[in-house]
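Subject: Structure handover

Hello,

Here is the structure I promised you. Please open it beside this email and follow along.

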Amino acid sequence: MNRKGIAEFSKVSKEQFYKDMHNCMPNIPDEEIERIYNNIEIPTRATVGSAGYDFKTPMEIYLCPGETITIPTGIRCSIADDWMLILLPKSGLGYKYKMQLDNTIGLIDSDYYKSENEGHIFVKITNDSRENKPIFLGMGDKFIQGVFTIYGTAIEEEVKE
């Protein structure tokens, strides 16, 4: 991490990605999962002034109105204590197609990185279009943005490690 950095993105292991893909999308053959894994891109900011890190689709996605999909991004993130990563849809997709995250806002805690699934970030999206507009996202299209933010805690609290 650089001096100002508070987090670092990386890919989950190939084994973890295969396992998660098979759980979310059991009909995708291993050769396709291999191709998807090899093409996963680490999230980046588009410009110096961008607050959000753009997550790109690891595969093509087509959603008719009312359809939902869970996407294993192949990405994990090591985050400094007292910081979190908030995930939001790219505003253009929300505006044009009413694409939304099923949990409204994704929140990635700093200790998620150490979870059993290597901190693999999943995104569940729905096309909530009322105008009968399907959403097509090509492999590598920006679809979610992640913003790091610091958080506070209560003065007196008891938490488990």
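Three strands form an open sheet in the order 4-9-7, and their pairing is antiparallel. Strand 4 (68–72) and strand 7 (99–101) are at the edges. Each has a single partner strand, so one side of each has no neighbour in the sheet. From one strand to the next, the twist averages 30°.

Some terms first. Helices (H or I, at least four residues) and strands (E, at least two) are DSSP runs, numbered from the N terminus. Two strands pair if DSSP finds at least two bridges between them. In general, strands of a sheet pair through backbone hydrogen bonds, either parallel or antiparallel.

This is a predicted model, where local features need pLDDT of at least 70 and side-chain atom pairs count only at pLDDT 80 or more, while totals for chains, interfaces and linings use all residues. Residues are numbered from 1 along each chain as its sequence is written, and side-chain values use heavy atoms, with hydrogens and water left out.

Back to the sheet. Strand 7 pairs with strand 9 (residues 122–127) in the antiparallel sense, over three bridges. L101 has I125 in strand 9 as its bridge partner.

N127 also lies in strand 9. Is N127 buried or exposed? N127 is buried, at a relative accessible area of 0%. (Buried means under 20% relative accessible area, exposed over 50%, and partly exposed in between, with a 1.4 Å probe and protein chains only.) Not counting residues up to four places away in sequence, N127 touches L63, C64, P65, G66, E67, Y97, K98, K133, P134 and I135. Contact means heavy atoms within 4.5 Å.

Now the helix on the sheet. Helix 1 (residues 14–24) lies across strand 4 and strand 9. Helix 1 runs at about 170° to strand 4. (Axes are lines fitted to C-alpha atoms, for helices over the stretch in contact; angles run from 0 to 180 degrees between N-to-C directions.) Which residues of helix 1 are buried? They are Q16, F17, Y18, D20 and M21. Their cover includes helix 2 (30–38), strand 4 and strand 9.

Next, a loop residue. S13 sits in the loop between strand 1 (7–11) and helix 1. S13 is partly exposed, at 22% relative accessibility. The side chain of S13 reaches the backbone nitrogen of Q16 at 3.1 Å. S13 touches Y37 and E118, not counting residues up to four places away in sequence. S13 and E118 are 105 residues apart in sequence, yet 8.0 Å apart in space, C-alpha to C-alpha.

Look at the backbone of E118 too. E118 lies in the loop between strand 8 (106–109) and strand 9. E118 is not a glycine, but has a positive phi of about 65°. Most residues other than glycine have a negative phi. D82 is not a glycine either, and its phi is positive, at about 70°. D82 is in the loop between strand 5 (75–79) and strand 6 (83–89). With a relative accessible area of 42%, D82 is partly exposed.

Last, the inside. How many cavities of 30 Å³ or more are there? The count comes to one. (A cavity is a set of points on a 1 Å grid over the protein atoms alone, where a 1.4 Å probe fits but cannot get out; lining residues have an atom within 4 Å of a point.) The largest cavity has a volume of about 40 Å³. Its lining includes I40, F55 and I75.

Best wishes

Conventions
A polar contact is a pair of N or O atoms within 3.5 Å; within protein, one must be able to donate a hydrogen and the other to accept it, and residues adjacent in sequence count only if both atoms are side-chain atoms. On a 1 Å grid over the protein atoms alone, a cavity is a set of points where a 1.4 Å probe fits but cannot get out, and a pocket is an open set with protein on both sides within 12 Å along at least five of seven lines; lining residues have an atom within 4 Å of a point. Grid points are joined across faces, edges and corners, and a volume is the space filled by probe spheres set on the points.
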